[in-house]
Amino acid sequence: MQTDVKEKPIYAVAAAVQLPSVNDIEFEASLSELRELAKTLGFTVIRTFIQKRSGFDTTGYLGVGKRQEIEHFVNNEAGCEIEAILVDHEISPSQARNLEKETGCSVMDRTMVILEIFHNNARSRAAKAQVEIARLGYMAPRLREMAKLAGPQGRQRSGVGGRGAGESHTELDRRKIRDRIAELQLEIVAMEAERKTQRARRQERQGLASVALVGYTNAGKSTLMRALTGSEVLVANKLFATLDTTVRTLHPESVPRVLVSDTVGFIKNLPHGLVASFKSTLDEALDASLLLHVIDASDPGFERQLEVTDEVLKEIGADVVPRLCIFNKIDHVGDAAEQAECEAALRAQYPDCVVMSARRPEEVAKLRQKIIAFFQQGLVESELFLPWSAQQLRREIYANCEVLEERADEDGAFFRLRGEPGVLEGLREQFAKAG
Ligand SMILES: Nc1nc2c(ncn2[C@@H]2O[C@H](COP(=O)(O)OP(=O)(O)O)[C@@H](O)[C@H]2O)c(=O)[nH]1
Ligand SMILES: [Mg+2]
């Protein structure tokens with residue numbers, strides 16, 4: 001596992017055309033989402049170029065003047081090496097190629113940025129196949145342009161975001177890509193059957209206490225994850241945080257031990273072709289015994305987002321998993337009076353919800369208690385006697401139960417324990433045999 005947080009930053013610039021049909025708020029929201037997504041891939045976006053136009057420039061997406069401005073910035077002003085231009089739309093292969101040629105930087109459009117994140121986060125075989133289908137679909141029309149770039153004068157593409165996989169695809173012709181997509185689709189159908197068995201296995205693992213964070217990008221999922229698990233160092237570098245499976249234990253450790261996992265997050269401006277692969281990356285949510293649905297209470301559009309999240313969770317069959325709604329960023333909702341008003345309104349509309357700020361440690365501690373309480377619901381208290389002759393079983397006790405009290409006498413030790421009924425029964429049987 002990579003833990004080196006001193007990794008050199010990878011610099012990028014963002015660029016976007018604002019069409020007349022898009023208002024300033026929508027435009028800025030989409031751009032800031034793009035910057036968040038870029039951060040997930042390890043990019044530091046140091047400058048954003050925007051241009052109002054009645055349509056995209058057919059040659060290079062942005063008008064020629066803006067392209068020159070970017071070229072000038074990248075080569076004379078930036079003061080660091082700019083690895084990529086991130087474009088907040090899906091653009092055509094030739095637009096991308098022209099932009100690359102004129103600026104000397106790799107171009108990643110919105111679709112590609114998102115695809116790379118999905119690629120890094122797909123865990124199950126079905127999710128990987130689903131993401132590969134989307135990648136192939138994206139690559140197919142771009143092969144010719146990529147081949148043009150690949151000559152001796154072709155730019156060396158950076159390794160960021162798994163460009164390597166794209167390169168190997170340049171050798172395949174379109175027919176091969178079509179065949180591969182068909183093959184993957186068959187595999188996915190076959191995997192549906194496998195999923196059913198996985199479900200059954202998951203049921204067996206119910207004993208394992210696991211929580212998954214779901215919700216829109218920028219709601220504060222990773223921040224909460226960090227606060228709940230104390231994994232400051234690892235999450236500090238977004239690139240490695242994404243490549244690692246983001247699963248950590250609740251900290252300080254609890255009984256039972258609770259695993260917390262982060263998910264990719266819903267994207268407001270998700271290109272159509274990526275819907276299926278996005279859903280597949282939510283597999284994690286299906287494995288959890290409890291979902292934490294994180295909502296940015298300070299986002300004016302949160303109600304619609306909440307609905308979409310509910311719908312999608314239902315579609316993937318995760319609506320049966322118990323769920324806790326967390327309205328986060330309450331500190332970001334106006335002054336104290338406005339915060340109180342907002343909190344009261346949320347509590348009235350969503351009974352059982354949590355209203356909090358991931359930046360307030362005491363509220364994070366409360367959430368942690370609430371999570372633990374959820375998993376302790378099924379636990380029972382019991383007294384067990386462990387004779388001295390069976391002291392080798394002490395470790396079993398401490399590993400599997402919460403010890404509320406331990407008293408010793410001449411014959412052995414009395415334990416007052418809290419744990420799952422099955423676990424306590426198992427211990428009792430072992431003690432009987434050993435005693
Ligand atoms: N004001 C405020 N900002 C927050 C809170 N939680 C997260 N943030 C900020 O919101 C941004 C997105 O957070 P992040 O955890 O990356 O969101 P994710 O995309 O859901 O994982 C970051 O800049 C966080 O610092 C909160 O409770 N209050
Ligand atoms: Mg995140």
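Two residues are taken to be in contact if their C-beta atoms, placed from the backbone, lie within 7 Å. On this basis, residues 24 or more positions apart account for 73% of the contacts with a separation of 6 or more in the protein. The model is a predicted one. The protein has 435 residues, of which 33% count as buried, and its secondary structure consists of 18 helices and 13 strands.

One open sheet is built from 4 strands in the order 2-1-3-4, with parallel pairing. Its edges are formed by strand 2 (43-52) and strand 4 (106-109), each of which pairs on one side only. With direction ignored, neighbouring strands of this sheet are turned against each other by 25 degrees on average. Strand 1 (residues 10-18) runs parallel to strand 2 and is joined to strand 2 by 9 bridges. Within this pair of strands, Ala16 stands opposite Ile50 of strand 2.

Helix 1 (residues 24-40) lies across strand 1, strand 2 and strand 3 (82-87), and runs at about 160 degrees to strand 1. Helix 2 (residues 64-77) also packs on the sheet, where it touches strand 1, strand 2 and strand 3. The direction of helix 2 makes about 155 degrees with that of strand 2.

Helix 3 spans residues 93-103, and its buried residues are Gln95, Ala96, Asn98, Leu99 and Thr103. These residues lie on the same side of helix 3, because the arc they cover around the axis is only 165 degrees. The cover over the buried residues of helix 3 includes helix 2, strand 3 and strand 4. Just after helix 3, Gly104 adopts a positive phi of about 75 degrees.

How values were computed:
Residues are numbered from 1 along each chain as its sequence is written. Chains are lettered from A and ligands numbered from 1 in the order in which they are written. This is a predicted model: local features need pLDDT of at least 70, side-chain atom pairs count only at pLDDT 80 or more; totals for chains, interfaces and linings use all residues. Two strands pair if DSSP finds at least two bridges between them. Helices (H or I, at least four residues) and strands (E, at least two) are DSSP runs, numbered from the N terminus. Axes are lines fitted to C-alpha atoms, for helices over the stretch in contact, and angles run from 0 to 180 degrees between N-to-C directions. A residue is buried if 20 or more other C-beta atoms lie within 10 Å of its own, exposed if 12 or fewer, and partly exposed in between; C-beta atoms are placed from the backbone. The arc is that of the directions from the helix axis to the C-beta atoms.
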